[in-house]
Amino acid sequence: MDKINILWADDEIELLKPHILFLKEKGYEVATANSGDDALDLVKEQTFDIIFLDENMPGISGLETLVKIKQIRNDIPVVMITKSEEEHIMEDAIGSQISDYLIKPVNPNQILLSLKKNLENKRLIREKTSSAYQQEFRQIGMTLSDRLNFNEWKEVYQKLVFWELELTRTKEEGMEEILRMQKSEANTQFNKYIIHNYQDWLNGKDANAPLLSHTIFKNRVIPEIDKAETTFLVLIDNLRYDQWKVIQPLLNDYFKVDQEDLYCSILPTATQYARNAFFAGLMPSEIEKRYPKNWLNDEDEGGKNLHEEFFMQEQFKRLGKDFKTSYTKITNLQAGKKLSDSIPNLMGNKFNVIVYNFVDMLSHARTEMEVIRELADDEKAYRSITQSWLEHSPLLDIFRQISERKARLIITTDHGTIRVTEPSKIIGDRNTNTNLRYKQGKNLNYEKRDVFEVKNPADIYLPRQHVSSGFVFAKEDKFFAYPNNYNYYVNYYRNTFQHGGISLEEMLIPFITLSVR
């Protein structure tokens, strides 16, 4: 490893020779300066990894020198050393982007600790994170061999996401690959769990069934509405749990998280089914039966999610709730800005719903637009672009306004999405739907090992388009591909983000309740 170059600026540098010798014995290179001006000349001429800067020097002060150093090289960490403990000096230094602050007299070990903290912290954190995940890897592996219930599956998935984000942050690529393998194994076991239990959940045969798309509103949303004068529910379409975790810090200035939970999306994990079920409080076949004019099947022409507000109002009636509400769906930037301007007008409502479609649009754009394919090339980039979007979107300002007006906030979604890698051949007639993760149709021909097949849609409360229609759902990270133009199709859709099938990422989705700080 190359030697670390230190610049130490102090008008009493001669008195610090023991410290400098100590650092040189430890393998560091140390250049010295007697004044701020000398320090600046050296910064212009040489490259340093870190600077120790005395606050009280003749000529230009340490704080003035600090500002000028940052103008030359903003990326160099600067450690301020001073005799004074006056609060305003500390505040000035911190405001000028110091990396550490030491009070004289300093001993060699303090200097060494500051060096490790500022220069070696990334390596130390990386090594510690890697070691900690290796221990957790064994524990998660043992857990996956057990018969897990839904709460245990939530815990496993939350741990996997936690380590995915930690390893991404520390850029520990070798361990990231191991985690991807463990996540794949977890998805294999989760698919077995869903296939074994899903029908029993829907038919009331499992007393420990999780909250699902059609039961979450009654059981979790309604109690939240009763807690405050005004509650906002923001449903960000297609928001995965890991995406929630990377946008959460952007909300920390405005809200504290009261509860972070995961609920289970119904199948298919697609907007038409899961979001309608969310607002209606009914499974899709029940919606079709009760409101035939407001339900469209896959092969029907027209928008499939045009009646969510109506479904919500009908659910309120069934639950005996009567209060003033609003429902707004945002599908573009201008609509977002318009809503942001109108937040004050919504405060007279007991309950306001905002459906924000950006993440879903990102997922589709990721498939269709080459520039987005490059920007969101993998899981890390997909999370990053979601974070960047919120940071610069009207939605963040909407969150800020909700906070300022002391309203309660719920953030949730209707389903997640998974990065697909493995094609699975399927044959269907021309009326078969186009989704890559589930197919509905008659005379479907497919690889049985790759799917969860439901020959009678009524068994899982889905509408039947034709007498012989059935559903198949892709497992794990599979995606359906037709034999015609197979290679082109596979190359085009491999590594895109899709939804509709069975995976941890699609089915275990966030439900977050927040209150004002």
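Which residue in β17 is the bridge partner of Lys425?

Guide: The model is predicted. Within it, Lys425 has Ala481 as its bridge partner in β17. That bridge belongs to the pairing of β12 (residues 422–427) with β17, which is parallel and spans four bridges. The two strands sit in an open sheet of three, ordered β14-β12-β17. Pairing in this sheet is mixed. At the edges stand β14 (445–446) and β17 (478–481). Each has a single partner strand, so one side of each lacks a neighbour in the sheet. Helix α19 (residues 486–493) packs on this sheet. It touches β12 and β17, and its direction makes about 145° with that of β17.

Now the five-stranded sheet. It is also open, with the order β2-β1-β3-β4-β5 and parallel pairing. Its edge strands are β2 (29–33) and β5 (100–103). From one strand to the next, the twist averages 20°. Strand β4 (residues 78–82) runs parallel to β5, joined by four bridges. In that part of the sheet, Met80 stands opposite Tyr101 in β5.

Next, the second largest pocket. Its volume is about 450 Å³. The lining has 19 residues; Glu164, Arg180, Lys183, Glu379 and Arg419 lie nearest the centre. By class, the lining divides into 12 charged, five polar and two nonpolar residues. Helix α8 (173–202) is among the elements that supply at least two residues each, as are α7 (150–170), α17 (379–391) and β11 (418–419). The most comes from α8, with seven residues.

Two helix details remain. The axes of α11 (residues 271–280) and α13 (residues 308–318) come within 7 Å and cross at roughly 35°. On the α11 side, the contact uses Arg275, Asn276, Phe278, Phe279 and Ala280. They meet Glu308, Phe311, Met312, Gln315 and Arg318 in α13. This contact divides into five nonpolar, two polar and three charged residues.

Last, α9 (residues 216–225). Seven of its 10 residues are buried, so the helix is largely enclosed by the rest of the structure. The buried residues are Ile216, Phe217, Arg220, Val221, Ile222, Glu224 and Ile225.

Notes:
Residues are numbered from 1 along each chain as its sequence is written. This is a predicted model: local features need pLDDT of at least 70, side-chain atom pairs count only at pLDDT 80 or more; totals for chains, interfaces and linings use all residues. Side-chain values use heavy atoms; hydrogens and water are left out. On a 1 Å grid over the protein atoms alone, a cavity is a set of points where a 1.4 Å probe fits but cannot get out, and a pocket is an open set with protein on both sides within 12 Å along at least five of seven lines; lining residues have an atom within 4 Å of a point. Grid points are joined across faces, edges and corners, and a volume is the space filled by probe spheres set on the points. Ala, Val, Leu, Ile, Met, Phe, Trp, Tyr, Cys and Pro count as nonpolar, Asp, Glu, Lys and Arg as charged, and the others, Gly among them, as polar. Two strands pair if DSSP finds at least two bridges between them. Axes are lines fitted to C-alpha atoms, for helices over the stretch in contact, and angles run from 0 to 180 degrees between N-to-C directions. Contact means heavy atoms within 4.5 Å. Buried means under 20% relative accessible area, exposed over 50%, partly exposed in between (1.4 Å probe, protein chains only).
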